[in-house]
Protein chains: 2
Amino acid sequence: MMKFALEEALKSGDDIPVGAVVVKDGEIVASAHNERELTNDVTAHAEIVAIRKAQQKLRNWRLAECELYVTLEPCPMCAWAILQSRIKTVYFGSYDRNYGALSEKLDLRTLNNSSTKVYGGIMEKECDKLLSDYFKKLRS
Amino acid sequence: MMKFALEEALKSGDDIPVGAVVVKDGEIVASAHNERELTNDVTAHAEIVAIRKAQQKLRNWRLAECELYVTLEPCPMCAWAILQSRIKTVYFGSYDRNYGALSEKLDLRTLNNSSTKVYGGIMEKECDKLLSDYFKKLRS
């Protein structure tokens, strides 16, 4: 599933490449990529777009039976949307040492005693490379 | 402007009453209320909806010349959307002692050294009453 998320990330165009996939019972319910620049929407991170799509598809804002795969550790905005939607498990690729909100530096799960499980570093090398290639290109 | 936000909050229907107004040069650019239940969208907090509207209207995700008025202290999701959009000043009414993310317990501005100014407790009594009336009705 992280491979699908990586493929989604590649669609991000001028935006920082991040891809997300919402999965239920082993099947993809929704997938999305970062489209902040494209849509002029600061909330249009891959996770938010994927969650919104999944909610509309399932006609429910509660995604307690869903898992989320995302290539980069969620920021506080996305992390809180994830926890509020009650997604049961999050798998992320790269750690975001600056603004990540689901690991050691800041783990928003402590705020609401969330039962959401989080696994970081899934296909980390591939996810890291995607980001470093993007920033290398940006600087060149 | 907080009065407008309070009027918006009253439109929240079955949702927890929260209203938000985005202001630029003293004029309202966008206003919104909480519509999570109405739209089956966990991200549809008043602040997020108002920010998305303002961005579309101004055709820019950067809202550096805007102020936000909201009846309740923003949660981590909304707070990070606000900080990412670079809104210059936030005025909120009620403090959220559990999940507020722009005051003492948790202030996400520390994460990115944000220059966004925040003033809490504006028309606090009126904002508190709106929420307590809602929860009283819910329990009755």
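**Exercise 1. Describe the salt bridge that B:Glu37 forms, and say how exposed its two residues are.**

Solution. The side chains of B:Glu37 and B:Arg36 meet in a salt bridge, with 3.6 Å from N to O, where a salt bridge is a side-chain nitrogen of Lys or Arg within 4 Å of a carboxyl oxygen of Asp or Glu. For the exposure of each residue we use relative accessible area, with buried meaning under 20%, exposed over 50% and partly exposed in between (1.4 Å probe, protein chains only). B:Glu37 has 34% relative accessibility and therefore counts as partly exposed, whereas B:Arg36 is buried, because its relative accessible area is 18%.

A note on the model comes before the next steps. This is a predicted model, in which local features need pLDDT of at least 70 and side-chain atom pairs count only at pLDDT 80 or more, while totals for chains, interfaces and linings use all residues. Residues are numbered from 1 along each chain as its sequence is written, chains are lettered from A and ligands numbered from 1 in the order in which they are written, and side-chain values use heavy atoms, with hydrogens and water left out.

**Exercise 2. Find the salt-bridge partners of A:Lys129 and B:Arg109, and state how exposed the residues are.**

Solution. A:Lys129 forms a salt bridge with A:Asp133, and their closest N and O atoms are 2.8 Å apart. These residues are separated by about one helical turn, because they lie 4 residues apart in helix α6 (residues 124-139) of chain A. A:Lys129 is partly exposed at 49% relative accessibility, and A:Asp133 is partly exposed at 34%. In chain B, the side chains of B:Arg109 and B:Asp107 meet in a salt bridge of 2.8 Å, N to O; here B:Arg109 counts as partly exposed at 22%, while B:Asp107 counts as buried at 17%. Over all chains the count comes to 12 salt bridges.

**Exercise 3. Work out the strand order of the open sheet in chain B.**

Solution. The open sheet has 5 strands in the order β2-β1-β3-β4-β5, with mixed pairing; strands (E, at least two residues) and helices (H or I, at least four) are DSSP runs numbered from the N terminus, and two strands pair if DSSP finds at least two bridges between them. The edge strands, each pairing on one side only, are β2 (27-33) and β5 (117-119) of chain B. Within the sheet, 5 bridges join β1 (residues 19-24) of chain B to β3 (residues 66-72) of chain B, and these two strands run antiparallel. The bridge partner of B:Val23 in β3(B) is B:Glu67.

**Exercise 4. Follow the pairing of β4 in chain A, and say how far this strand is covered.**

Solution. Strand β4 (residues 89-94) of chain A is mostly covered, with 6 of its 6 residues buried. Strand β3 (residues 66-72) of chain A runs parallel to β4(A) and is joined to it by 5 bridges, with A:Leu68 standing opposite A:Val90. β4(A) also pairs in the parallel sense with strand β5 (residues 117-119) of chain A, over 3 bridges, and there A:Val90 stands opposite A:Val118.

**Exercise 5. State what area is buried between chain B and chain A, and name a salt bridge that A:Arg52 forms.**

Solution. About 2600 Å² is buried between the chains, of which carbon and sulfur atoms give 61%; buried area is the accessible area (1.4 Å probe) that two parts lose on being put together, summed over both. In chain B, the residues losing the most area to chain A are B:Asn40, B:Val42 and B:Trp61, together 24% of what that side buries. The count between the chains is 2 salt bridges. A:Arg52 forms a salt bridge with B:Asp41, with the closest N and O atoms 2.8 Å apart.
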